[in-house]
Structures are given as structure tokens and as C-alpha cells.
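Here are a few friendly notes to read alongside the model. Take them one at a time, and keep the viewer open as you go.

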Amino acid sequence: MPLDIDTLRLDFPILAHTVNGQPLVYLDNAATTQKPRAVLDALNHYYQSQNANVHRAAHALSGQATQAFEAARAKVARFINALDDRQVIWTRGTTEAINLVAYSFGMHSLKANDEILLSTMEHHANIVPWQQVAAATGAIIKVIPLATDAELDMEAAAALFSTRTKLLAVSHISNALGAINPIKQLIAMAKAVGAVTLIDGAQAVGHFPVDVQALDCDFYVFSGHKMFGPTGIGVLYGKRELLEAMPPWQTGGEMIKKVSFEQTSFGELPFKFEAGTPNIAGAIGLGAGIDYLSGLDRAAIAKHEQALMAQLLAGLNAMPEVRIIGRPQAGAVSFVINEVHPQDVATLLDMQGIAVRTGHHCAMPLMQALDLPQGTIRASIAFYNSADDITALLAGLDKAREFF
Amino acid sequence: MQAFGHTITDTEIRTLFANAQGWEARYKELIKLAKQLPALDAADKIEANAIHGCESQAWLVSEVNVQGLWQLHCDSDARIVKGLMAVVLAALNNKTAEQIQAFDMEAYFADILLLNHLSPSRGNGLRAVVTAIKQSCAL
């Protein structure tokens with residue numbers, strides 16, 4: 001049965017807003033998604049009825065908060081098919097999760113001349129922490145180049161893997177281009193040389209089911225706010241034996257077993273990586289987001305998103321001055337318009353109530369590789385977008401083109 | 001010599017926008033103004049002249065003449081930003097440092113219904129342009 005998008009949209013109060021006097025057409029979902037009422041209610045309910053710190057106090061509210069907080073962890077574990085709840089570490093988001101792996105695993109396990117393999121498509125969050133690791137350890141960063149059509153050059157990737165490769169860090173879906181990377185193949189290549197794998201799933205989890213066991217990656221990271229949950233909460237999934245072996249990254253309260261002024265022993269997973277009071281409301285809100293998402297027909301959602309994507313690509317292809325970058329497959333479509341600066345287009349779209357992103361999308365090396373110094377215009381969809389949103393964007397672009 | 005601040009002043013700009021009905025007319029005026037603002041020489045489009053805080057590239061070159069009047073040259077690779085720069089230069093170019101510091105940019109942009117572009121949250125960096133001009137012409 002096709003999705004009833006009009007009814008689903010009612011779950012997202014912000015979508016009824018107007019911007020610059022026009023109905024909001026929100027096509028910046030790769031940056032952050034809107035939140036369903038279920039998530040907003042969960043946040044409100046926590047602060048109104050459950051607010052207490054978790055894991056420590058011997059009173060009823062703290063017990064309730066702890067239960068809700070840990071229930072959310074279990075929801076995340078089921079959502080990505082992790083074997084064990086303890087493999088789900090709360091972070092502030094994808095960026096912090098990558099930093100945790102870089103500073104805990106990378107800094108302690110890598111040594112001079114070990115190789116870290118990244119891809120040209122990476123977001124800065126999956127580049128800069130590894131540069132810091134390389135600078136501190138003497139490890140070397142190698143980069144999988146692009147083939148024609150802005151996809152990863154898998155032949156070149158095969159040639160880059162060697163026994164010196166200790167870590168592969170690559171995105172599941174490119175935030176800038178909407179390309180789905182062949183991560184199963186890359187993970188297999190990494191395993192063949194004994195390298196550890198980290199997948200940046202920030203752009204994937206909101207679009208289709210992810211199964212970390214089927215992928216067999218060592219680490220998988222994502223953010224709550226890009227999958228209809230709150231900001232400031234994210235997840236590091238890791239293989240148990242790796243997480244057990246890794247030293248704590250941030251230290252302080254919550255992550256300890258016993259502290260004296262002479263020495264400290266650290267807590268068990270997942271707490272050894274969760275120093276300080278966590279984002280309790282965020283975790284509970286993300287749990288509500290997962291419940292919401294799981295309650296929808298995800299196959300129907302994926303089909304709906306594909307239809308929107310096809311409509312958008314067909315519309316853009318019909319505009320002679322428009323050039324689509326690469327082969328967008330999920331979430332985002334990046335394009336440029338001949339002779340027109342992306343920012344000018346975005347400004348004129350904004351005046352029509354249409355929200356898109358422009359620029360380098362925090363993927364400057366990718367824009368450099370594609371020779372796009374001004375970046376691109378990126379329209380990114382979520383399941384709550386409608387065919388009318390795409391029609392509005394295309395009409396908005398037609399109007400914007402009249403200005404130049 | 002460029003017209004902005006010399007033959008086109010903030011008064012002309014206010015009149016121009018008072019006659020522009022609706023956002024489309026206002027943005028068309030901005031793009032027309034951008035075409036009238038001469039491009040900076042490639043040699044001036046260097047890091048030392050770059051204004052950061054813009055999603056587009058933007059540059060400012062400023063010098064004071066013997067009469068103590070500041071001669072400001074701006075450029076951007078985005079046309080709407082360049083049009084906004086022309087609006088700023090109409091008000092600040094060929095003025096003394098005192099006149100530049102005293103000019104009420106917020107009221108000016110509010111008058112021509114483009115105030116949102118001066119907001120620090122806007123990626124176009126117009127606020128950074130105005131700050132850079134005021135800093136380079138500091139008393």
C-alpha cells in the first residue's frame with residue numbers, strides 16, 4: 001500500500017510552518033531532519049516527569065530515568081541489530097563517535113607507517129580526527145580516489161589495501177553527493193588484510209535499515225538528529241572485543257569503577273566510554289524516534305524516497321543549464337547551474353520558502369577533486385517530503401534562473 | 001572610478017528600493033547593482049584581502065586618499081552578495097572614517113527591506129563585509 005504522506009506529515013508540526021510568507025519546503029534533511037511529535041513529546045515527558053540523573057541515585061525518579069535511558073540503548077541496539085546493548089556507546093553525534101575511535105583506538109593502536117585508508121568522499125569529521133592520529137603516531141593517510149561519475153574507484157581501492165593498512169574509515173552514503181558506497185566490498189577488502197573498519201552511517205540510518213552484523217564492520221557511527229531524533233545525541237557501535245581492549249577516552253564521573261588519589265579503575269562497557277552526565281533526554285528522544293521509525297513501513301518509505309529522487313533527477317535533467325554531480329542514489333542530490341553561484345540560487349529559493357544547502361558540505365577535498373570551488377546546491381530528502389515539495393523546488397529553480 | 005559612493009549614494013539606493021515592489025523586484029535590483037560594481041583585479045583577489053564568514057568568496061581592498069576619504073573596492077563571486085556590497089559601498093565609499101563609523105547600516109538595510117542579510121546567522125557574510133570595512137577604516 002502506498003504511504004499516505006499527507007497524514008504522515010501531520011506528525012511533524014514544523015512542516016506546517018511558512019517561511020518568507022511561503023509554505024516551508026524543507027529539503028535540507030542531510031544537514032538535520034525534522035522531529036516527529038513522538039520525539040518532541042518524549043523530550044517533554046522526560047523533563048516534566050522523569051528528570052533525574054541516571055545510574056547513581058537511590059531514589060525512584062533516578063530509577064525511572066535510568067530505565068528509560070537504558071531502554072533507549074536497547075532500542076538502538078535492536079535498530080542496528082547489534083548483538084549486545086553494551087556495544088552501543090552514547091556520544092554527542094557522529095563526529096564525537098569518530099573522535100572517540102580516533103583518540104582511543106587510533107592513538108593507542110597505530111604506529112609509524114601504519115596506513116589509514118579514507119575515501120575522497122569523506123566529510124571533514126571523518127578526515128580531521130585521522131589527520132590528528134597520523135600526526136601523533138606517524139601513521140600515513142591514504143585516500144581512495146574517485147572514478148568517472150564521482151563514484152569510488154574500487155580498482156584503485158583494491159590496490160591501496162596492503163598489510164600496512166590498519167584502518168579503513170569510510171562513509172556509507174556521501175553527504176555531499178548522495179552516493180551509496182560499496183561498503184560491504186570495502187569491509188571485505190579490509191578484513192582480508194586484517195584492517196579495522198569504521199563506517200560513517202550518518203546519512204544512511206534515516207533512509208534504510210542498517211544491520212551491523214550483516215555488514216560485519218568493526219565500528220558504525222551515526223547521529224540522532226539526522227534520523228528524526230534530537231540533536232546532541234549519537235551512537236558509536238563497536239565490536240565487543242575491540243571496545244573491551246580500547247582505553248577510555250574522556251575520563252571523569254560515571255565511567256569509573258573505583259577512584260583513589262593513587263589510582264583509578266575503569267567501569268565496564270558501555271560506561272567506560274561515557275564520562276559525565278550523558279544527554280539523557282537526547283537518548284530517550286532518540287529511542288522515541290526509533291520507535292516512530294520502526295512503526296512505519298520502511299520498505300514503503302524507501303520506495304517513496306526513490307520516487308521523489310527520480311522525480312527530482314528527471315526535473316533537473318530537463319533543465320539544460322543544470323549539471324547533476326555524480327550518480328545520486330539516496331537522500332541527497334548535488335547539482336550546479338552554469339554560471340550561477342550556488343549561494344545565489346539558495347538565496348532566491350529561500351525567498352520562496354525552499355530550504356536547501358549550498359557550498360562544500362564539509363567535504364572540501366571532494367569538491368576539490370570534482371573541481372567545484374564554489375561547491376554545489378544540495379537538495380536532500382526525507383520520507384516526509386512530498387511530490388509537491390519536489391515540484392516546488394523545480395519551479396523555484398525555474399524562477400531563480402530567470403534572475404540571471 | 002566606481003559609481004558607488006561617488007555618483008550613487010545611499011539616497012539613490014533608498015529610492016531605487018522604495019520603487020521596487022516585492023522581493024523579486026528587490027533581488028533583480030541587487031543583481032543589476034552587482035553588474036555595475038567593477039570587478040577587482042585578479043591580483044587583488046588574494047588571501048590578504050579575503051573576507052571570511054561568507055559561503056561565497058569575498059574581497060575588500062581599502063585605501064584612504066589625500067582628502068582623507070576612504071576608497072573601498074569589494075568583489076564577490078556570488079552576484080547577490082556583490083549586489084549587497086554595492087548597496088554598502090553606496091553608503092560608505094568616498095567617506096571619512098568618522099562618517100563610515102557613524103553610518104547606521106541596520107536602519108539603512110531595514111529601509112530597503114534587506115535587513116535579514118545583515119544578520120550574523122546569514123551565510124552570505126554581509127555582516128563580515130561591513131565589519132571588515134569599519135575595521136579597516138577605524139578611527
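1. Let's begin with a word you will need: two residues are in contact when they have heavy atoms within 4.5 Å of each other. Please keep in mind that this model is predicted. On that basis, 16 residues of chain B are in contact with 15 residues of chain A.

2. How much area do chain B and chain A bury between them? The value is about 1500 Å², and 55% of it lies on carbon and sulfur atoms. On the chain B side, B:Trp23, B:Glu55 and B:Arg79 lose the most area to chain A, and together they make up 38% of what that side buries.

3. Now look for charges. The interface of chain B and chain A has 2 salt bridges.

4. The most comes from α2(B), with 5 residues. Sorted by class, that side of chain B has 6 nonpolar, 4 polar and 6 charged residues.

5. Finally, the cysteines. The count of disulfides over all chains is 0. A:Cys217 counts as buried because its relative accessibility is 0%, and B:Cys74 counts as buried at 1%; the cut-off for buried is under 20%.

Note on methods
Residues are numbered from 1 along each chain as its sequence is written. Chains are lettered from A and ligands numbered from 1 in the order in which they are written. This is a predicted model: local features need pLDDT of at least 70, side-chain atom pairs count only at pLDDT 80 or more; totals for chains, interfaces and linings use all residues. Side-chain values use heavy atoms; hydrogens and water are left out. Buried area is the accessible area (1.4 Å probe) that two parts lose on being put together, summed over both. A salt bridge is a side-chain nitrogen of Lys or Arg within 4 Å of a carboxyl oxygen of Asp or Glu. Helices (H or I, at least four residues) and strands (E, at least two) are DSSP runs, numbered from the N terminus. Ala, Val, Leu, Ile, Met, Phe, Trp, Tyr, Cys and Pro count as nonpolar, Asp, Glu, Lys and Arg as charged, and the others, Gly among them, as polar. A disulfide is a pair of cysteine sulfur atoms within 2.5 Å. Buried means under 20% relative accessible area, exposed over 50%, partly exposed in between (1.4 Å probe, protein chains only).
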